[in-house]
Each structure stands twice: as C-alpha cells, then as structure tokens.
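Trainee: Could we go through this structure together, taking each label in turn and asking what stands behind it?

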Amino acid sequence: MPVRAARLYALLFVALAATAVAGSTEVRITLKPRGLTWGDLAIPVSTGPGVERVRLRINGVPFGEQSGRSMVFHVPVGKYIRRLRIRAEGLDAEGRIVGEDEMAVNDPRPPFRIRLHAQREIPSSGEVEISASVLSPPNVPVLAVDFYVGEEWIGSDREAPWSASFDAADFPEAKYARAVARAAGALEANDVWFWGETPHETVEVIVKHIPMSIFGDRTATLRAEQLTLYDSGAPREIEALVPATDQPLNVIMLVDSSESMLEELPILQRAAREFAHSTIRENDRIAVVAFHQRVFWLTGFTSDLAQVDRAVERLQPRGQTHLYDAVISMLYELQKMPGRKALVVLTDGMNLGGEFELDHLIHYARYAGVPIYPIVKNRWLSRLMRFGI
C-alpha cells in the first residue's frame with residue numbers, strides 16, 4: 001500500500017514527540033513503512049530538546065532540513081520504485097550530529113544493523129546518556145540492545161528508543177562505547193562510538209549476490225579466479241561462486257483470475273498444474289497467487305503439489321485486470337526469498353486499471369533482477385499474430 005496519509009502521520013507524530021526526555025538528543029522517525037511504497041512519502045520525525053534541527057538524507061545525499069520538536073518531511077518517491085535508505089540526523093547548535101534514526105524503504109531484505117549515538121566529548125562527571133538506532137528486516141524482531149563503556153556492560157534495553165546511561169566519574173579512562181543489537185537465532189549487530197579525537201574509521205561491509213548466466217559447454221567448470229568483477233571501474237573480490245543448481249528454487253505462480261479470463265481460465269489452470277508438476281523438485285517451493293484488482297495468496301511457498309492443484313481449481317474469474325500492479329507486488333515479495341527465484345505469470349496479457357503502467361513495470365523488473373516468465377493465452381492476440389501483428 002502507498003504511504004500517503006500525511007495528516008494522520010502528523011497527529012501520531014505529535015503524540016509521540018511529547019514523550020521526549022528533557023535534555024535528550026533523541027531523534028526518531030515515528031512511522032516507518034514496511035511494504036511497497038510509492039507516490040508521496042510522509043516521514044514524521046520527533047526530537048529531544050538537545051536537537052536544534054534535523055537533516056534528512058536519502059541514499060547518503062542531503063534532502064532537506066527542518067527545525068522543531070516535530071516535523072514531517074515529504075519525499076516524492078514516484079512510481080519508478082527503487083530502494084531508499086533514509087536517515088534523519090539531529091544536529092546541535094554547532095551543527096554536530098548528536099542523534100540519528102534511519103529506515104529502509106522498498107527494500108525487501110534490509111540489513112540488520114545498529115548505529116550508536118553519544119555526545120562528542122565525555123565529561124569528567126555527571127550522567128551521560130548513549131542511545132542507538134536499529135535497522136532490521138520486518139521478520140527479524142530485535143530482542144534487546146546491550147550497551148558497554150569500553151568492554152564493561154552498563155545496561156540493556158528491550159524496546160525502542162534504545163538507550164542507557166552511566167556516571168562519567170565511574171569511567172575516567174573511557175575511550176569508546178559499544179552497542180550490540182540481538183535478534184532471534186543468535187543474530188547480532190555491533191557499533192562503536194569513540195569519544196574525543198581518537199583516530200578511527202567506520203567500514204560498512206555488505207555481501208551482494210549477483211546472478212550470472214553462462215552460455216556454451218554445460219559440462220565446463222568455472223572457478224572464481226577465472227572471473228573479474230568491476231564495481232564503478234574498480235575491481236572487487238569475489239567471495240564465492242555457487243552453482244545455481246545447488247540452491248533451491250522459489251517460484252511464484254501468478255494466475256490471472258479477472259473477468260477477462262472467463263474463456264481462457266480452464267486452459268491456464270491446466271497449464272499451471274502441468275508447470276508445477278514438471279518444474280518443482282523436492283527442495284523447491286512454489287506459491288500460487290491469483291489476482292484481479294488485488295492479489296490473493298492461495299498457498300504459501302510449498303512443495304506439496306496436491307495443495308497447488310487444489311488452489312488452482314478454486315480460481316473463479318471476477319473483477320478487473322490490474323496486471324502490472326500484481327506483477328510489481330510479486331517481484332517485491334520474491335526478493336525476500338533466498339536462493340534462486342522466478343515469477344511465472346499466466347494471463348491473457350490485458351491490463352485494465354491499477355496504479356502502475358508498463359514503463360513502471362519494466363523499470364522495476366530490471367531493478368529487481370527476478371526472471372519473469374509470462375504465459376499468455378488470448379485468442380484475439382493469437383488471431384492478430386497469424387497476420388503478423
């Protein structure tokens with residue numbers, strides 16, 4: 001669903017901003033979209049009294065600044081969908097960053113990471129607060145954030161906003177603070193904050209999976225040292241080369257169940273069953289999704305072909321054909337899945353209404369990098385093709 005309710009955001013935002021602690025440098029994005037987002041994105045931000053103004057960055061580039069305890073940034077996302085990293089930076093009177101929060105938009109698999117925030121210099125005495133912002137995928141709930149001064153634990157927080165405090169007099173030799181975000185499955189993310197002028201460098205490491213096809217001798221064995229990968233002209237090290245056949249296949253079979261399919265649906269139902277039985281192996285999974293004005297998940301990802309057959313049989317034609325909307329939605333969902341993935345679309349090829357146009361779909365299909373296999377059954381198109389049209 002698009003994020004457009006700016007008025008509602010502002011009301012919610014004001015209520016949350018009232019909870020800020022006196023002297024706090026807290027910066028919070030108070031409402032973060034989780035699904036596919038387009039159009040005008042309203043980003044509500046609340047701050048503590050220690051923040052003079054907020055600077056918004058999008059993919060690292062400054063977007064705008066506002067002042068106050070509550071504000072709403074409006075970002076024109078448009079309909080050419082792409083991933084956005086949005087960070088709100090709280091600045092003090094001297095223009096130094098004293099608090100941050102961030103979110104990922106249109107990223108099906110955002111990274112799990114934490115950013116630690118603290119004042120630039122640690123005083124000789126008095127209470128010092130350190131806080132953290134955590135970015136995590138929707139299916140990775142944060143269990144707790146542990147805070148350390150040096151390597152000494154000072155506290156744990158189990159809900160946002162994540163923070164802890166300590167008496168500076170207890171740590172006269174403190175050089176750095178550390179925060180650890182913990183999630184289920186022993187997953188954790190770390191960040192370090194250095195006080196003073198201690199030299200340090202922050203490096204963000206992200207492993208990217210790049211699909212590659214090779215034409216020619218299928219029996220040939222390719223090794224990583226035989227390839228050179230360039231990123232913006234600079235060579236990058238290849239960590240591993242994994243054959244696609246070693247990974248399970250995740251397929252969404254998107255079936256058009258709109259009124260325009262009244263005559264064509266029985267044939268496509270048979271094609272859907274035959275495709276599933278001939279393609280899905282023991283370790284592969286397939287999901288059956290129908291669509292007209294919106295999408296309907298008839299199954300989750302499964303290897304049970306009998307369940308797939310029953311789902312296909314339940315299809316009933318109704319409603320308009322929002323083909324492009326449905327395909328974009330499923331491309332987003334497939335990017336959440338590990339390993340190989342593919343989208344199979346069984347349709348008559350007609351798009352009637354919806355939010356997106358063909359150019360938007362083509363853009364996002366290339367951006368998502370998910371193979372699409374359209375299977376079109378349309379007797380009128382077949383007749384035109386016979387005449388070379």
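Mentor: Start with Pro-161, which sits in the loop between strand S11 (152-157) and S12. Keep in mind that this is a predicted model.

Trainee: What kind of peptide bond joins Ala-160 and Pro-161?

Mentor: A cis bond, with omega at about -5°.

Trainee: Why is Asn-106 called buried?

Mentor: Its relative accessible area is 3%. Buried means under 20%, so Asn-106 with its 3% is buried. Asn-106 is placed in the loop between strand S7 (97-105) and strand S8 (113-117). It has a positive phi of about 60° although it is not a glycine.

Trainee: Which other residue has a positive phi although it is not a glycine?

Mentor: Ser-232, with a phi of about 55°. Its loop runs between strand S15 (229-231) and strand S16 (234-236).

Trainee: Is Ser-232 buried or exposed, and what makes it so?

Mentor: The relative accessible area of Ser-232 is 79%. Exposed means over 50%, so Ser-232 is exposed.

Trainee: How do you know that strands S3 and S4 pair?

Mentor: Two strands pair if there are at least two bridges between them. Strand S3 (residues 53-58) and strand S4 (residues 61-67) are joined by 6 bridges, therefore they pair. The two strands run antiparallel, and Leu-56 stands opposite Gly-64 in S4.

Trainee: What do S3 and S4 form, and how many residues lie between them?

Mentor: They form a hairpin with 2 residues between them. Asn-59, in the turn, has a positive phi of about 50°.

Trainee: Why is the contact between Asp-107 and Arg-83 called a salt bridge?

Mentor: Side chains of opposite charge can pair when their charged atoms come close. The label needs a side-chain nitrogen of Lys or Arg within 4 Å of a carboxyl oxygen of Asp or Glu. For Asp-107 and Arg-83 the N to O distance is 3.6 Å, so the pair is a salt bridge. This pair links distant parts of the chain, 24 residues apart: Asp-107 is in the loop between S7 and S8, and Arg-83 is in the loop between strand S5 (70-78) and strand S6 (84-91).

Trainee: Are these two partners buried or exposed?

Mentor: Asp-107 has 8% relative accessibility and counts as buried.

Trainee: What makes Arg-178 and Glu-151 a salt bridge?

Mentor: Their N to O distance is 2.9 Å. The limit is 4 Å, so the pair qualifies. Arg-178 is buried at 18%, whereas Glu-151 is exposed at 52%.

Trainee: How do you know that Glu-333 and Lys-336 meet in a salt bridge?

Mentor: The N to O distance there is 3.2 Å, and the limit is again 4 Å, so the label holds. Glu-333, at 23%, counts as partly exposed, and so does Lys-336, at 34%.

Trainee: Which residues do salt bridges with shared partners join into one network?

Mentor: Arg-55, Arg-57, Arg-87, Glu-89 and Glu-100. By this rule the count of salt bridges comes to 22.

Trainee: Why is the surface patch that includes Asp-170 called negative?

Mentor: The patch is formed by Glu-127, Glu-129, Glu-152, Asp-167 and Asp-170. Asp and Glu count as negative, so the patch is negative. Asp-170 lies in the loop between strand S12 (162-167) and strand S13 (176-183). At 55% relative accessibility, Asp-170 counts as exposed, because the cut-off is over 50%.

Trainee: Which residues form the nonpolar patch?

Mentor: Met-212, Ile-214, Leu-222 and Leu-241, with about 350 Å² of accessible area together. Leu-222 is in the loop between strand S14 (187-194) and S15. Leu-222 has 32% relative accessibility and counts as partly exposed.

Trainee: What is the distance in space between Ile-372 and Val-345?

Mentor: It is 7.4 Å, C-alpha to C-alpha, and the two are 27 residues apart in sequence. Ile-372 is found in strand S21 (residues 372-376). At 30% relative accessibility, Ile-372 counts as partly exposed.

Notes:
Residues are numbered from 1 along each chain as its sequence is written. This is a predicted model: local features need pLDDT of at least 70, side-chain atom pairs count only at pLDDT 80 or more; totals for chains, interfaces and linings use all residues. Side-chain values use heavy atoms; hydrogens and water are left out. Patches are made of residues with over 30% relative accessible area and no salt bridge: like charges are joined within 9 Å, nonpolar side chains (Val, Leu, Ile, Met, Phe, Trp, Tyr) within 5 Å. Accessible areas come from the Shrake-Rupley method with a 1.4 Å probe; for residues, only the protein chains shown count as cover. The place of a charge is taken as NZ of Lys, CZ of Arg, CG of Asp or CD of Glu. Helices (H or I, at least four residues) and strands (E, at least two) are DSSP runs, numbered from the N terminus. Buried means under 20% relative accessible area, exposed over 50%, partly exposed in between (1.4 Å probe, protein chains only).
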